Amino acid sequence: MANLLYLVHRMPYPPNKGDKVRSYHLLRHLTARHRVFVGTFVDDPEDEAHVETLRGLCAGLFVARLQPRRARVASLAGLLTGDALTLHYYRHAGLRRWVAQTVQRENLAATVVFSSSMAQYAQAHPELPMLVDFVDVDSAKWADYAPRHRWPLSWLYRREGRRLLACERAVAAQARRSFFATEKEAALFRQRAPECAGRVEAMDNGVDTDYFSGDAARASPFQAGELPIVFTGAMDYWPNVDAVTWFAAEVLPRLREARPQLRLHIVGRSPTAEVRALAASPGVVVSGTVPDVRPYLQHAAVVVAPLRLARGVQNKILEAMAMGRPVVAASACVEALTAEPGREILDAATADEYLRCIELLLQAPDRAAAIGQAGRVHVQRAYTWPAHLAVLDRQLAALRPAAPGPAPARALNQEPVA
């Protein structure tokens, strides 16, 4: 057992969106073996109700409030300093002080960083070994955004891609080990940061197949007689917004020509105005936040993930597969998985391909059921959290263990700060 510092850009509880699912399971994995001190941000007022639950999972906790609008304004300081705007977005004096106090008071063995934006706090203490879960190559994400936006956002996104890549390379150069959610992302980073190639590896996502499983007693949330197609995800995340607006415009009307009872259900928290406006279109239902996504997945005829700007393994896809539902996903998303296209999942890249795949599933319920079941079997075998997170254990075991220190001082267990 060792004392570890865990720095994560968004409060890792509750695990109700993609990055929080990964950061939560990483936290639970660490706390099963070590005493973990967590420094994090809360950017959703609803999450503040869960601070005490999170506190019970760790040895020490500091949660800083992050107001997205104010943080976006503050991030513009990067235009003057030449830094990536992301670094200023997550810059907080209170968290920096807490990290310094924790390093001073606790006999820490290492720092585990979740997302490159949080490494700035660990880099101030180079005496501590640093392990970094980049998850995805975020600099590439910003570069991908640029051509899909007009100036000045296109210029800003290109700049952020360049500046953030410089930051990622500096972080990886200092880290003992860097992890990415797929081998494809790890290979991309090795290509962009060849000086760090020997210390980069994949640490895949997982899924809790006991939680995400069918239940005959689980009631359907859909109206009788409708044919539900489901998309799940945080609906203030631009790639998700882009996915559903594109699908609603390019695929859904053609599907409904032959099947007017078909409905696209967009299930996820914080839908933007653009997403809410889709509810005015025939055949679109925007649910917003729901207490449990599993009824929507279990009773869906088809689950779709038409992400055009996807990076890494998508938890929404793993969860739908774990529920035994047939999934039609973007080819780029399927390429990130070990699942076999055509047998365990269907892939599509164009509107015509989505139309063809969905019609195939709707016309052949037995085949749809077989694909759904094969998908569940695959994630049960290939996507367990303990198996994937074991790569982190090997790196921690290679470090000199530190004996547990005293119980954390109350000053280290602060409530959210302004």
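Tutor: Helices (H or I, at least four residues) and strands (E, at least two) are DSSP runs, numbered from the N terminus. This is a predicted model, where local features need pLDDT of at least 70, side-chain atom pairs count only at pLDDT 80 or more, and totals for chains, interfaces and linings use all residues. Residues are numbered from 1 along each chain as its sequence is written, and side-chain values use heavy atoms, with hydrogens and water left out.

Student: How many of the 14 residues of α1 are buried?

Tutor: Buried means under 20% relative accessible area, exposed over 50%, and partly exposed in between (1.4 Å probe, protein chains only). Among the buried residues of α1 are Lys20, Arg22 and His25. The helix is mostly covered, and the number buried is 10.

Student: Which residue forms a salt bridge with Arg10?

Tutor: A salt bridge is a side-chain nitrogen of Lys or Arg within 4 Å of a carboxyl oxygen of Asp or Glu. Arg10 is buried, at 14% relative accessibility. Its closest N and O atoms in the bridge are 2.9 Å apart, and the partner is Asp19.

Student: Over the ring of which residue does the charged end of Arg294 sit?

Tutor: A charge sits over a ring if NZ of Lys or CZ of Arg is within 6 Å of the ring centre and within 35 degrees of the ring normal. Arg294 is buried, at 15%, and also forms a salt bridge with Asp292. Its charged end is 3.8 Å from the ring centre of Tyr211.

Student: Why do the rings of Tyr89 and Tyr90 count as they do?

Tutor: Rings of Phe, Tyr and Trp (its six-membered ring) pair if their centres lie within 6.5 Å; planes under 30 degrees apart count as stacked, over 60 as edge-to-face and the rest as tilted. The count is 15 aromatic pairs. The centres of Tyr89 and Tyr90 are 4.9 Å apart and their planes at 65°, so the pair is edge-to-face.
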